[in-house]
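Subject: The structure, and what turned up in it

Hello,

Here is the structure I promised to pass on.

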Amino acid sequence: MHYFFQGFSLITTKGLKRFVFIPLVVNLLLFATAFYFLFGQISESIVWVVDLIPDWQWLSWLKEGLSYIIWPIAVISILLVFALIFGTLANWIAAPFNGLLAEKVELHLTGKSLGDSGLVDIVKDIPRTFGREMSKFTYYIPRAIGFLLLFFILPVFGQILWFLFSAWMMAIQYCDYAFDNHKVDFNRMRRTLHASRGNSFSFGIAVSIGSMIPLVNFLVMPVAVCGATAMWVDDLRHKVRD
């Protein structure tokens, strides 16, 4: 998990801060807007559910207790489900800039450049970058539907499975930028992460927890990109070669 926390120091490193700006702004705007509307809908939905109970005096305690019980369950459910869903959307929007950030972090850590990375090169890479995001999306959707059904059907166990799935997807999402910069294909990237699943899952768990914490979740995207690139430099790139 220390790679995730290393990301916090990397985003403040001189020479990297300007590459953090766009991913940070995208994440900030999307998460702030999403949570604003979602929590507004939660409030209205809870009032609607509670109002289904008749206004009988002997049921007043039930209405009050139900409101207190539903609120934490609803909030936790939203944090678990929408942290991954909106995080995926944010990564689609910021993908070209996340790839550039990963490239600059690797240059900072290794001293080796991957080549030109000006605006023209970013524009040229957009089709390939979005193609890569589509590969992640097609991998994600069928599994997300299955785990989401379990989330709502199986109490506790379903939520644990969703959290672990979210952690795995966070590892895939953020580690992939460094792999993609080196033209490692998506399937080989997944096999490499699976071979290092201890690091992958612990990193993904740290990112998932960070995505659920208000204010911290605004920083998660650039922090996770930086941390995942550090993990690539220290560990994952050697396993790709092997």
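Below is what was found, starting with the overall layout.

This is a predicted model, so local features need pLDDT of at least 70 and side-chain atom pairs count only at pLDDT 80 or more, while totals for chains, interfaces and linings use all residues. Residues are numbered from 1 along each chain as its sequence is written, and side-chain values use heavy atoms, with hydrogens and water left out.

The chain has 8 helices and 0 strands, so from the N terminus on its elements read α-α-α-α-α-α-α-α (helices, H or I, of at least four residues and strands, E, of at least two are DSSP runs, numbered from the N terminus). Of the 242 residues in the chain, 47% are buried. Here buried means under 20% relative accessible area, exposed means over 50%, and partly exposed lies in between, with a 1.4 Å probe and protein chains only.

Salt bridges come next. The structure holds 5 of them, each being a side-chain nitrogen of Lys or Arg within 4 Å of a carboxyl oxygen of Asp or Glu. In one, the side chains of Asp 176 and Arg 132 meet at 2.6 Å, N to O. This pair links distant parts of the chain, with Asp 176 in helix α5 and Arg 132 in helix α4, 44 residues apart. Asp 176 is buried at a relative accessible area of 1%, and Arg 132 is buried at 10%. Asp 176 also forms a salt bridge with Lys 136, where the closest N and O atoms are 3.2 Å apart. Here too distant parts of the chain are linked, Lys 136 in helix α4 with Asp 176 in helix α5, 40 residues apart. Both of these residues are buried.

Another salt bridge joins Lys 239 and Asp 235 (3.5 Å, N to O). Both lie in helix α8 (residues 216–241), 4 residues apart, which is about one turn of the helix. Lys 239 is partly exposed at 33%, whereas Asp 235 is buried at 15%. Elsewhere, salt bridges that share partners join Arg 132, Glu 133, Lys 136, Asp 176 and Asp 180 into one network.

Now to helix α6 (residues 186–195). Its buried residues are Phe 186, Met 189, Thr 192 and Leu 193. They sit on the same side of α6, because they cover an arc of only 120 degrees around the axis (the arc is that of the directions from the helix axis to the C-beta atoms). Arg 191 and Ala 195, on the other side of α6, are exposed.

Most residues other than glycine have a negative phi. Lys 183 is exposed, with 58% relative accessibility.

Finally, the cysteines: how many disulfides does a search of the whole structure find? The search finds 0, a disulfide being a pair of cysteine sulfur atoms within 2.5 Å. Cys 175 is buried at 1%, and Cys 226 is buried at 0%.

I hope this helps you find your way around.

Best wishes
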